[in-house]
Amino acid sequence: MPLPEAHLALMGAGIVLGFFFPWRLFPTPWLGPVLGGPLVVAGVTLAAWAVRAAGEVDLDRSDSLVARGPYAFSRNPMYLAWTILYLGIAFVLSSGWLMALLPAVILLTHLVILREEAHMDARLGEVYREYRARVRRYL
């Protein structure tokens with residue numbers, strides 16, 4: 001399972017910045033949790049679904065490819081789930097810093113995904129290319 005390094009590092013940076021230099025997104029304290037709560041639930045749910053689908057495949061085999069569950073709709077449901085979760089946490093915390101860092105999270109994650117796709121293409125060849133042609137990268 002890929003580790004969401006960009007998500008974790010920049011979320012930590014945003015939380016630290018918010019502690020020293022508060023920057024609120026919403027004028028009322030209840031609005032962030034109302035908007036962010038469902039995103040947090042959606043992110044955790046998608047991540048759990050993706051882990052369950054990937055858990056049924058032997059990822060150590062060179063010919064293994066997860067193509068069921070959320071992987072039938074997105075080639076990167078875990079990264080998508082972490083991004084939804086990050087956005088939900090930014091809203092719940094009403095953190096302008098987390099929102100400001102979100103484009104960097106997305107860019108860094110995209111670069112990791114491009115590297116992983118090249119690795120999958122080299123490892124699985126035509127099987128991966130057919131999967132890539134059928135299933136979108138994100139949504």
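Where is N76 found? Select N76 and you land in the loop between helix 2 and helix 3. Before going on, remember that this is a predicted model, where local features need pLDDT of at least 70, side-chain atom pairs count only at pLDDT 80 or more, and totals for chains, interfaces and linings use all residues. Residues are numbered from 1 along each chain as its sequence is written, and side-chain values use heavy atoms, with hydrogens and water left out. The helices are DSSP runs (H or I, at least four residues), numbered from the N terminus.

Stop 1: N76 counts as buried because its relative accessibility is 8%; buried means under 20% relative accessible area, exposed over 50%, and partly exposed in between, with a 1.4 Å probe and protein chains only. Skip the neighbours within four places in sequence, and N76 is in contact with I113, E117 and R137 (contact means heavy atoms within 4.5 Å). Now show R137: its backbone oxygen lies 3.0 Å from a polar atom of the N76 side chain.

**Stop 2: the helices on either side.** Select residues 31-55 for helix 2 and residues 77-92 for helix 3: they pack at an angle of about 160°, with axes 7 Å apart. That makes helix 2 roughly antiparallel to helix 3. (Axes are lines fitted to C-alpha atoms over the stretch in contact, and angles run from 0 to 180 degrees between N-to-C directions; under 35 degrees is roughly parallel, over 145 roughly antiparallel, 65 to 115 roughly perpendicular, and the rest oblique.) Colour the contact residues by type and you get 20 nonpolar, five polar and no charged.

**Stop 3: T83.** Stay in helix 3 and pick T83. Its side chain joins that of H7 in a polar contact of 2.8 Å (a pair of N or O atoms within 3.5 Å; within protein, one must be able to donate a hydrogen and the other to accept it, and residues adjacent in sequence count only if both atoms are side-chain atoms). Not counting residues up to four places away in sequence, T83 touches H7, L102 and I106.

**Stop 4: helices 4 and 5.** Select residues 96-124 (helix 4) and 126-134 (helix 5), which pack at about 130° with axes 6 Å apart. So helix 4 is oblique to helix 5. The residues making this contact include E117 and D121 of helix 4 and R129 of helix 5.

**Last stop: R129.** At 33% relative accessibility, R129 counts as partly exposed. Show its side chain and find the 2.7 Å polar contact with the side chain of D121.

Technical notes. Helix = DSSP H or I, 4+ residues; strand = E, 2+ residues; numbered from the N terminus. Nonpolar A, V, L, I, M, F, W, Y, C, P; charged D, E, K, R; others polar.
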